[in-house]
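Subject: A structure to look through

Hello,

I am passing on a structure for you to open beside this email. Please keep it on the screen while you read, and follow the notes below in order.

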2 protein chains.
Amino acid sequence: MRVKVFYLEPKERFLQQLSSVLCLLELLLMIKDKNVKSQSNDVVIEAGEKLPDLPTYTAEEVSKHGDKNSFWVTYKHGVYDVTKFLPSHPGGEQIMNAGGLSIEPFWNVYGMHKTPEIYKLLESYRIGNLHDDDVIDHSDDELWVKEPVRDNRLIVKTAKPFNAEIPAKYQIEFFDTPNELFYVRQHMPVPELDADDHRLKVTVKGSKIRTEEFSLRDLDKFRRVTTRAALMCAGNRRSEMNEQVKPVKGIGWMGGAISNAVWGGVYLRDVLLYSGVDPEDTKGKHVIFTGADIDATGVNFSTSIPLDMAMNPSSGILLATTMNGHPLPPDHGRPLRAVVPGAPAVRSVKWLQSITVSEDESPSHWHQKDYRAFNPSKTWETADFATAPPVYSLPVTSAICDPADGDVVSVKNGAVQVRGYAYSGGGAKIVRVDVSADGGRSWWEARELQADAAPPQQHYGWTLWTASVPVATQQKEVELWAKATDSNFNTQPERFNDIWNIRGILSNAYHRIKIKLVH
Amino acid sequence: MRVKVFYLEPKERFLQQLSSVLCLLELLLMIKDKNVKSQSNDVVIEAGEKLPDLPTYTAEEVSKHGDKNSFWVTYKHGVYDVTKFLPSHPGGEQIMNAGGLSIEPFWNVYGMHKTPEIYKLLESYRIGNLHDDDVIDHSDDELWVKEPVRDNRLIVKTAKPFNAEIPAKYQIEFFDTPNELFYVRQHMPVPELDADDHRLKVTVKGSKIRTEEFSLRDLDKFRRVTTRAALMCAGNRRSEMNEQVKPVKGIGWMGGAISNAVWGGVYLRDVLLYSGVDPEDTKGKHVIFTGADIDATGVNFSTSIPLDMAMNPSSGILLATTMNGHPLPPDHGRPLRAVVPGAPAVRSVKWLQSITVSEDESPSHWHQKDYRAFNPSKTWETADFATAPPVYSLPVTSAICDPADGDVVSVKNGAVQVRGYAYSGGGAKIVRVDVSADGGRSWWEARELQADAAPPQQHYGWTLWTASVPVATQQKEVELWAKATDSNFNTQPERFNDIWNIRGILSNAYHRIKIKLVH
């Protein structure tokens with residue numbers, strides 16, 4: 001029930017809930033009529049077990065029985081002829097949508113069907129087994145029915161939850177990534193929230209607990225600001241670590257889990273000050289962000305950042321409502337998200353519905369059991385998440401976007417043009433990008449760095465760069481290496497070996513691609 | 001004249017200056033008497049040229065003529081019998097100190113002798129040449145006569161100027177380095193300043209120029225604060241880069257050009273705000289620090305930092321008067337210095353006498369022609385200092401302090417105890433130190449990190465660490481590697497090859513030592 005409410009407008013929601021309750025009552029009455037009572041020694045825990053003595057039907061055969069004359073449905077392994085049941089379906093004609101199909105996607109949306117009583121009722125109509133090849137796991141279908149429409153230029157890594165990277169060529173085409181091309185990293189289905197109704201609850205736990213509630217209009221009363229900030233998944237470029245060292249756990253991001261945007265909103269610091277946070281009493285405290293996105297067990301997404309960081313005026317953390325001048329798209333947190341510049345994007349909680357200032361970090365498993373770093377020798381058995389520091393800031397990285405690995409490139413005036421992005425977290429600015437075409441024997445400084453004017457220490461955007469790299473006429477192919485240096489003069493490590501970690505995050509060694517040359 | 005005043009107390013200084021002026025007048029009158037006039041076609045630019053027709057004397061022979069009966073002196077290659085001049089020496093008996101010796105060290109202190117007229121006067125007493133083997137370059141003697149007494153445990157790299165590192169064993173013995181063991185990095189002789197008389201001039205160049213002058217007592221009216229900050233020379237660990245790749249220019253620092261202290265003073269930001277700096281108008285401006293230390297050409301030491309950095313409340317830049325609770329020692333800037341935490345120590349200008357807020361960076365050669373970084377392919381011919389970014393923040397580094405390279409170490413319980421320091425600039429905190437004894441195949445996390453409680457992003461002290469590294473019983477020697485990871489999750493590069501630069505700064509690759517094992 002909890003999930004469904006996100007997909008409905010308020011009025012519809014009420015009617016739907018009312019109708020659901022009525023349906024359920026009807027069903028229960030009907031079950032009583034048919035005298036299918038739950039008995040401890042005759043339990044059907046769930047419908048759709050495979051029953052060896054029944055005939056097998058393919059999905060194609062079942063699909064031919066989709067009208068009132070012969071109405072079959074499937075549920076897991078079970079095939080059911082419910083033609084006679086149709087007139088008494090409490091939900092009326094809605095059942096007709098499931099003719100010749102699995103009823104699971106429907107029951108996933110109308111979860112009140114999922115009771116032992118109704119499973120037993122269904123089993124009373126059982127006629128066969130669905131062919132093994134046609135049994136599909138629909139267990140989470142209901143979560144995804146209202147997902148936003150996405151730009152088909154995105155490279156989908158996982159569909160549910162939706163995780164997709166921006167193709168490299170679009171990264172360098174736009175300094176500020178168009179919203180529809182901004183990479184998408186979801187942990188769960190996208191909640192559908194109404195901007196007018198949305199409330200942000202801010203709770204400050206101190207000697208007494210104080211809670212404020214803000215509508216978006218209330219937030220607008222704080223000074224409005226914009227910040228240019230790239231957001232990058234901590235797992236960006238994981239696939240290289242995975243391929244070049246050994247397998248890691250996580251989405252196989254290439255270099256496309258970073259994009260750049262101008263975010264508009266109000267300073268988190270201002271809202272926290274208003275809500276009673278004492279700027280002199282920050283040590284050891286945390287700001288827990290909770291989103292409206294919910295996992296299968298009903299837990300909201302949540303993570304936290306140190307209160308020190310939140311209250312530092314130069315960290316520029318926003319409660320954002322706009323992205324490149326437009327209201328946040330659903331995939332990017334509509335109507336309200338945190339933007340924690342310089343931090344792994346996971347801290348920039350989307351669909352933000354509450355903020356809690358607490359002595360403790362977020363207890364969520366996303367915070368406690370992920371986005372922490374270990375040395376290469378730590379295994380899933382030996383890694384101690386409890387004592388490992390959470391990642392609140394990202395190291396310097398870069399990637400070559402053009403050419404792409406494997407490309408055939410025309411040499412012009414004895415050189416290859418190379419373009420890419422570079423980025424460093426914690427407010428550091430990129431001061432240099434170097435490219436080598438000969439295994440590090442010579443380095444060519446990128447001649448052009450495109451970046452925001454923000455000063456080092458408070459620089460949160462990415463840098464796009466162009467380098468011209470001379471190649472010898474006899475060379476038919478070269479390996480290009482790119483490395484960036486930031487304003488703290490940190491550079492990328494040469495190889496992934498010594499930064500490898502079980503989760504494959506912080507994968508920032510030199511980017512290396514091989515290209516073929518045409519002179 | 002300019003240099004001498006640093007070595008005298010105020011009253012003495014006045015008398016000395018008066019006396020000097022009188023001496024000079026007398027000399028000039030005397031020169032007139034002797035009719036030794038400067039003539040364009042009979043110029044003696046400087047005394048002491050070798051004259052082939054004169055006899056040669058050894059220093060030993062000259063030394064026998066040191067009393068009023070026979071009073072010889074030398075100047076460069078010249079030997080002079082000035083016995084007859086003694087009664088008319090304007091400086092009186094002082095000249096007797098130079099009997100039988102070179103007068104250069106004295107003239108270096110009393111620089112008013114260095115005029116063409118006096119060179120000619122001297123040459124009029126010429127009797128011979130000093131033996132080539134005995135000619136000593138005294139050109140900068142005068143600068144060094146008042147250098148502070150230093151702790152003899154420091155490892156002297158250069159005597160003039162004094163540059164000395166702290167031995168590794170003392171780095172790890174004290175979390176806050178005792179003042180007398182704090183590494184010393186001088187560009188010039190140590191000026192001797194009087195705390196009571198000292199004034200700090202603060203000039204803010206805007207639409208109009210505003211100047212404030214502060215005594216130390218005036219500065220005390222701002223809120224007093226302390227900050228724990230390590231200071232590290234940008235060239236720390238240069239010797240490793242030099243040895244492991246190819247020669248670089250600069251002092252051959254091992255790992256001892258870093259120490260840690262608690263600095264007491266007032267915030268630069270507060271003083272700048274008081275002096276009229278507009279915190280909203282910082283972009284592209286600079287804060288030029290000028291010290292009282294002066295080079296051979298009379299130019300004061302100077303460098304600058306961006307005004308953005310100076311005005312950022314979290315950068316915690318101090319105008320410091322104390323070091324570990326004591327007044328600054330002369331070697332560390334008595335009575336006033338800047339402390340720019342997280343930056344190369346060169347920005348923490350000592351003997352601070354003026355601050356200028358300007359549209360321009362410091363024009364000094366220390367600022368313009370040094371402390372800038374290049375990629376490994378840049379040579380002294382191709383490096384363009386004008387466009388290279390100045391280093392205002394230091395990358396993550398670490399070093400093993402115990403054992404030392406080449407030590408014979410007893411294995412206890414199958415492991416070697418390894419201790420060292422780690423540090424990162426720009427406010428980043430060390431979150432992990434890893435040690436490998438098998439070329440990176442396995443890494444052992446330091447079990448103990450000793451650090452200040454300041455939060456990441458505002459963490460300026462160093463971290464001392466202890467790791468226990470298992471070694472196999474058959475191993476007779478191992479190479480230990482240490483690498484640190486900071487709160488931005490930047491790590492050290494594996495090797496020096498790809499970070500090599502002509503000046504040998506930012507030399508932060510893994511620290512590697514070889515030790516012999518006794519099981």
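Does B:Glu46 count as buried, exposed or partly exposed, judged by its relative accessibility? B:Glu46 counts as partly exposed, because its relative accessibility is 27%, and the cut-offs are under 20% relative accessible area for buried, over 50% for exposed and in between for partly exposed, with a 1.4 Å probe and protein chains only.

Before going further, please note that this is a predicted model, in which local features need pLDDT of at least 70 and side-chain atom pairs count only at pLDDT 80 or more, while totals for chains, interfaces and linings use all residues. Residues are numbered from 1 along each chain as its sequence is written, chains are lettered from A and ligands numbered from 1 in the order in which they are written, and side-chain values use heavy atoms, with hydrogens and water left out.

**Salt bridges within the chains**

The side chain of B:Glu46 meets that of B:Lys76 in a salt bridge, at 2.8 Å from N to O; the term stands for a side-chain nitrogen of Lys or Arg within 4 Å of a carboxyl oxygen of Asp or Glu. This pair links distant parts of the chain, since B:Glu46 lies in the loop between helix H1 (10-34) and strand S1 (56-57) of chain B, and B:Lys76, 30 residues apart from it, lies in the loop between strand S3 (70-75) and strand S4 (78-81) of chain B. Helices (H or I, at least four residues) and strands (E, at least two) are DSSP runs, numbered from the N terminus. B:Lys76 is also partly exposed, with a relative accessible area of 30%.

Over all chains, a search of the whole structure finds 45 salt bridges. One of them joins the side chains of A:Asp452 and A:Arg228, at 2.6 Å from N to O. These two residues are 224 residues apart, with A:Asp452 in the loop between strand S24 (448-450) and strand S25 (463-470) of chain A and A:Arg228 in strand S11 (residues 224-232) of chain A. A:Asp452 is buried, with a relative accessible area of 18%, whereas A:Arg228 counts as partly exposed at 24%. In another salt bridge, the closest N and O atoms of A:Glu240 and A:Arg237 are 2.7 Å apart, and both of these residues are buried.

**Chain A as a whole**

Chain A has ten helices and 27 strands, and its C-alpha atoms fill a box of roughly 85 × 65 × 45 Å, taken along the principal axes. Of its 519 residues, 58% count as buried. Among the contacts in chain A with a separation of 6 or more, 73% come from residues 24 or more positions apart, where contact means heavy atoms within 4.5 Å.

**Where chain B and chain A touch**

How many residues of chain B are in contact with chain A? There are 48 residues of chain B in contact with 48 residues of chain A. The area buried between the two chains is about 3600 Å², of which carbon and sulfur atoms give 45%; buried area is the accessible area (1.4 Å probe) that two parts lose on being put together, summed over both. On the side of chain B, the residues that lose the most area to chain A are B:Phe489, B:Glu494 and B:Asp498, together 19% of what that side buries.

Across this interface the rule finds four salt bridges, and the side chains of B:Glu445 and A:Lys378 also meet in a salt bridge, at 3.0 Å from N to O.

**Buried places in chain B**

Helix H4 (residues 116-123) of chain B is mostly covered, with six of its eight residues buried. B:Thr177, in the loop between helix H5 (168-173) and strand S8 (184-185) of chain B, counts as buried at 0% relative accessibility. Leaving aside neighbours within four places in sequence, B:Thr177 is in contact with residues including B:Phe182, B:Asn260 and B:Trp462.

B:Gly78, in strand S4 of chain B, is buried too, with a relative accessible area of 0%. Not counting residues up to four places away in sequence, B:Gly78 touches B:Gly48, B:Val73, B:Arg126 and B:Gly128.

Best wishes
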